[in-house]
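Subject: Structure for your review

Dear colleague,

Please find below the structure I am handing over to you, with its sequence. My findings follow it.

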Amino acid sequence: MAFHQFILFASLFSIVASQVPIPKRKLGYVFGEVKGLTPVNVDAFLGPVCPDSKEVFPTLLQLANHYGPDVLTLRMHMFPLPYHRNSFLVAMGAQVVNRMISSAQGVYNWTGSVYDKIETLSNTATKSMSEVQIISMLGDIAAGLGIQKSVFVQKMADPLVDEDARVEWKYTCTRGISGTPMFTINDVIVAASASWSLEDWRKVIDPLTSYQSFHSTGCKIGTTKCEYLPGKIECCTKGEACIPNVGCRC
C-alpha cells in the first residue's frame with residue numbers, strides 16, 4: 001500500500017511541477033488596432049537583441065500594413081535567448097513599456113529603438129558592464145519614447161514585470177520554438193527565413209485570403225503548379241489541393 005501511495009504522490013508531483021503558469025491574458029503584442037478575429041494570424045517569435053530578428057522586423061510591419069487589421073493580426077512575442085546576455089532585460093523592458101504606453105504601437109516602437117542600438121547591447125559591448133548600467137541604457141531608450149527614465153528603472157525592479165517576462169518565455173517554449181526568429185501562421189509553424197521579402201510572405205498568405213489557384217507552369221499536362229513556400233514547388237495531380245506551407249495533399 002505504501003509503495004502505491006508513493007507512486008501516486010510522485011505522479012501528482014510531476015504533473016504539478018511541469019504545469020506552465022497560465023497567463024492572465026493572451027500573450028504577445030498585437031500590431032495596430034485589430035478589433036476582432038481575422039482570417040490570418042501571424043505570430044512572430046523574436047529575440048530582443050537577435051540580429052536576424054532585427055532583419056525581419058521591418059518586413060513584418062510591412063506585412064501587417066499590407067493586409068490591414070481586417071485581414072491579418074500580427075502578434076509579436078519576445079523570446080530572450082540565454083546566450084544573448086541582455087535579452088531578458090530587454091524583454092522585461094517591453095513589459096514595462098506595455099504598461100506605461102497605452103498605444104498598441106508602444107512595444108513596437110520600443111523594439112525598433114532597441115534594434116537601432118543593438119550593437120551597443122551585444123555581449124561584447126557590455127561584457128564589462130553591470131546589470132544596473134545596462135538597465136540605465138535601456139532607460140535612455142525608454143526616455144526616447146516619452147517615458148521618464150527614473151520611472152522606467154523603478155518599474156524594472158517590479159517582481160510582476162519579471163514574472164510576466166518569464167511566463168512569456170515559458171509559453172513560447174511550449175509552442176515548439178527553439179530559436180529566433182520563428183513564425184506561425186494560424187498556429188502552424190512556417191519555415192520562413194529572416195531574409196523573406198513581403199512578396200515571399202504573400203506567396204504563403206495570399207492563398208489563405210483569396211483562395212486563388214496557382215498557374216500550372218512548369219508541370220506536366222494535367223497537373224497544377226503548387227508553390228507552397230517561396231522556392232518550394234510541387235505539381236499537384238487531379239484531386240490534390242495546394243496547401244500553403246505543406247504542398248500537394250488530397
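Cys-173 is partly exposed, with a relative accessible area of 32%. Please bear in mind, for this value and those that follow, that the model is predicted.

Thr-172 is buried, its relative accessible area being 0%. Leaving aside residues up to four places away in sequence, the contacts of Thr-172 are Phe-45, His-77, Phe-79 and Ile-177.

Other cysteines take part in bonds, and the structure holds two disulfides. A disulfide is a covalent bond between the sulfur atoms of two cysteines.

One of them joins Cys-226 to Cys-242, with an S to S distance of 2.1 Å. This link is right-handed, with 75 degrees about the S-S bond. It connects distant parts of the chain, since Cys-226 belongs to strand E6 (residues 224-229) and Cys-242 to strand E8 (residues 241-243), 16 residues apart. Cys-226 is buried at a relative accessible area of 0%, whereas Cys-242 is partly exposed at 25%.

Cys-236 and Cys-248 also form a disulfide, and their sulfur atoms are 2.0 Å apart. The torsion about this S-S bond is about -90 degrees, so the disulfide of Cys-236 and Cys-248 is left-handed. Here too distant parts of the chain are linked: Cys-236 sits in strand E7 (residues 232-236) and Cys-248 in strand E9 (residues 247-249), twelve residues apart. Cys-236 is buried, with a relative accessible area of 5%, and Cys-248 counts as buried at 7%.

Cys-250 is exposed, with a relative accessible area of 88%.

I turn next to the helices. Gln-95 is part of helix H3, which covers residues 87-100. With a relative accessible area of 4%, Gln-95 is buried, because values under 20% count as such. Beyond residues up to four places away in sequence, Gln-95 touches Arg-25, Tyr-29, Val-161, Asp-164 and Ala-165. Gln-95 and Asp-164 are 69 residues apart along the chain, and their C-alpha atoms are separated by 7.4 Å.

Helix H5 has 13 residues (131-143), which at 1.5 Å a residue should span 18 Å; the end C-alpha atoms are 18 Å apart, in agreement. The buried residues of H5 are Ile-134, Ile-135, Leu-138, Gly-139, Ile-141 and Ala-142. They cover an arc of only 160 degrees around the axis, which places them on the same side of H5. An α-helix has 3.6 residues a turn, so residues three or four places apart point the same way. Among the elements that cover the buried residues of H5 are H3, helix H4 (106-116) and helix H6 (149-155).

Finally, there is an open sheet of five strands, in the order E1-E3-E2-E4-E5 and with mixed pairing. Its edge strands, each pairing on one side only, are E1 (29-30) and E5 (188-190). Strands of a sheet pair through backbone hydrogen bonds, either parallel or antiparallel. Strand E2 (residues 40-46) and strand E4 (residues 182-185) run antiparallel and are joined by four bridges. Asp-43 stands opposite Thr-184 in E4.

Yours sincerely,
A colleague

How values were computed. Residues numbered from 1 in each chain as written. Predicted model: local features only at pLDDT ≥ 70, side-chain atom pairs only at ≥ 80, totals over all residues. Heavy atoms only, no water. Helix = DSSP H or I, 4+ residues; strand = E, 2+ residues; numbered from the N terminus. Buried < 20%, exposed > 50% of the residue type's maximum accessible area, 1.4 Å probe, protein only. Contact = heavy atoms within 4.5 Å. Expected span 1.5 Å × (residues − 1). Arc of directions from axis to C-beta. Pairing = 2+ DSSP bridges. Disulfide = S-S within 2.5 Å.
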